[in-house]
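Please look through the sequence and the structure shown here before reading the briefing. Keep both in view while the points below are followed one by one.

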Amino acid sequence: MATKGPQDFMDAYRDMLGNWEKMANEFGAKFLQQKEAAQAMNGLNNAKVAMQAQMKDGMLKALDAIQMPSKADIEDLGARIGAIEAAVARIETLLASGGQPADGTPKPARTRKPGKTK
Amino acid sequence: MTGGAAAQADADPFAAARREFERAMLRNIKGVEYLGSPAPVVGSSGKDVLISRGTFRLYHYRPLVDEIYRMPLMLVMAPTNRGYIFDMAPGQSFVEFLLKAGYDVFMVDWDAPRPEEKTVGIADYVLDFLPSAVQRVRAVTGESDVSVVGYCAGGLLSLLWAATAGAAGPANLVTFTTPVDFRHMPQFQAWSDKSFFDVDRLVDTVGNVPSDLIMTSFEMLRPAQRVAGNIRLYDNLWDDEFVKAHRMFDRWGMDALPLPGEYFRDMTKTLMWDNALIAGTMTVAGRPVDLGAIAAPYLHITAQHDHIVPPPASAPLIEMVGSQEKNQVELKGGHVSLIAGANAVRRMWPMVDEWLGEKSV
């Protein structure tokens with residue numbers, strides 16, 4: 001194994017970064033594990049989540065009042081249409097191929113034994 | 001730069017300076033390319049979607065060899081993240097490795113739950129999604145035996161299903177980094193302390209728990225990781241392989257899924273607070289769960305440096321599962337690098353193949 005030359009300051013910098021990351025992770029994780037820190041984080045999260053929920057609720061009510069679908073409604077519709085298209089395509093392919101896989105290749109034999117390389 | 005050239009650069013200060021200058025130039029050129037280039041393609045192995053129902057997906061991967069094992073293999077992903085961690089890129093894909101080794105591969109994957117799926121709980125995963133997936137695998141392959149491989153919470157759900165399914169359970173069971181003793185997850189314990197964490201209020205407010213909340217929790221386990229990761233990315237911008245791997249893993253890490261509200265509530269109350277599997281009080285929809293009832297051959301793999309599910313949180317599993325044939329292995333690596341990346345290619349994948357191959361005929 002080659003030893004690093006002392007002149008390689010970039011290697012020293014990388015080592016330093018690794019050590020800093022390890023130390024900061026350990027310190028940060030321990031700090032966030034303290035009850036006071038966890039409680040504060042929880043309070044912040046609660047406030048953020050409640051604000052987001054209120055804003056979302058307000059937007060939904062506004063869109064509902066003017067009879068417009070929300071982003072979630074449109075995404076949901078898109079996903080459902082996509083799923084229906086995919087299902088129809090699968091049925092079409094299956095009907096055309098008489099039960100063979102979609103890409104038309106024959107089903108592989110289920111006779112493999114361990115130790116084969118191909 | 002070759003190993004020989006790097007060693008020469010280590011010994012010669014002028015060569016080292018030249019190497020750093022070249023890298024600095026490449027960083028600038030490739031940095032501009034990086035900003036303008038699209039996200040890397042992931043999950044590209046050919047597959048058919050067999051089930052797409054709300055948050056629940058079942059894929060069947062197309063075979064890559066003309067002779068496969070009799071027994072199909074079903075991967076079960078954790079509901080917090082996307083399943084493409086098993087299929088990152090050609091050459092770095094567990095799915096591709098399994099297909100080339102001759103397995104008939106299926107995967108249970110998850111999409112973001114719809115608003116009306118806020119009522120989906122652990123019981124839906126264990127008594128509906130997983131049995132439906134296995135039933136479909138059996139119908140497609142004509143085989144009654146199925147091997148199941150679960151990752152993290154996917155492993156936990158697979159265990160709960162295997163313990164309650166009786167004779168309809170898996171023929172072989174493999175779990176990676178699967179938690180069972182939640183007392184040994186100190187950060188999650190601290191953050192979900194029931195003296196101030198009101199899970200009912202959270203779930204009743206948001207319905208499904210947003211993905212940024214899940215992602216923040218994971219990031220707070222290693223608060224400096226993102227900053228150090230970005231510095232390391234800049235340092236390695238000259239290295240295309242490093243940048244590609246960084247972008248794939250970063251994309252996956254940022255691609256956390258929202259969790260169905262009831263599932264989050266169940267996990268918090270039953271497992272995080274009551275540690276019900278260790279206490280022996282776990283039930284799913286009123287059915288008692290006894291991991292001792294699992295009889296299938298069982299392989300349990302943990303990661304030495306797992307910061308999400310530390311080894312003590314998953315180690316008791318091997319004693320709790322009732323199988324006659326069971327093995328536990330602790331490998332080098334972290335929660336993600338255990339299953340994807342260079343170490344996984346060298347260590348974990350061949351081990352799973354060796355263990356499972358002889359049981360799949």
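The briefing below takes up domains, a surface patch, aromatic rings and salt bridges in turn.

This is a predicted model, in which local features need pLDDT of at least 70 and side-chain atom pairs count only at pLDDT 80 or more, while totals for chains, interfaces and linings use all residues. Residues are numbered from 1 along each chain as its sequence is written, chains are lettered from A and ligands numbered from 1 in the order in which they are written, and side-chain values use heavy atoms, with hydrogens and water left out.

**Domains of chain A**

- Chain A is divided into domain 1, covering 9-68, and domain 2, covering 69-100, with bounds that come from an automatic or database domain assignment.
- Between the C-alpha centres of domain 1 of chain A and domain 2 of chain A there is a distance of 37 Å.

**A nonpolar patch on the surface**

- Tyr13(A), Met16(A), Trp20(A), Val227(B) and Ile231(B) form a nonpolar patch on the surface, and together they have about 450 Å² of accessible area (Shrake-Rupley method, 1.4 Å probe, with only the protein chains shown counting as cover for residues).
- Patches are made of residues with over 30% relative accessible area and no salt bridge, where like charges are joined within 9 Å and nonpolar side chains (Val, Leu, Ile, Met, Phe, Trp, Tyr) within 5 Å.
- Helix H1 (9-33) of chain A and helix H9 (225-235) of chain B each give two or more residues to this patch, and H1(A) gives the most, with 3 residues; helices (H or I, at least four residues) and strands (E, at least two) are DSSP runs, numbered from the N terminus.
- Trp20(A), which has its place in helix H1 of chain A, is partly exposed with a relative accessible area of 36% (buried means under 20%, exposed over 50%, and partly exposed in between, with a 1.4 Å probe and protein chains only).

**Aromatic rings and charges**

- A search of the whole structure finds 18 aromatic pairs over all chains, where rings of Phe, Tyr and Trp (its six-membered ring) pair if their centres lie within 6.5 Å, and planes under 30 degrees apart count as stacked, over 60 as edge-to-face and the rest as tilted.
- The rings of Trp110(B) and Tyr125(B) have centres 4.9 Å apart and planes at 70 degrees, so this pair is edge-to-face.
- Trp110(B) is buried at 2% relative accessibility, and Tyr125(B) is buried at 1%.
- Arg251(B) has its charged end over the ring of Tyr84(B), 5.5 Å from the ring's centre (NZ of Lys or CZ of Arg within 6 Å of the ring centre and within 35 degrees of the ring normal).

**Salt bridges**

- Over all chains, a search of the whole structure finds 28 salt bridges, each being a side-chain nitrogen of Lys or Arg within 4 Å of a carboxyl oxygen of Asp or Glu.
- Arg14(A) forms a salt bridge with Asp235(B), with the closest N and O atoms 2.5 Å apart, and the pair crosses between chains, from helix H1 of chain A to helix H9 of chain B.
- Arg14(A) is partly exposed at 21% relative accessibility, whereas Asp235(B) is buried at 5%.
- Arg110(A) forms a salt bridge with Asp104(B), the closest N and O atoms being 2.9 Å apart, and also one with Glu143(B), the closest N and O atoms being 4.0 Å apart.
- A network of salt bridges links Arg110(A), Arg70(B), Asp104(B), Glu143(B) and Asp145(B).
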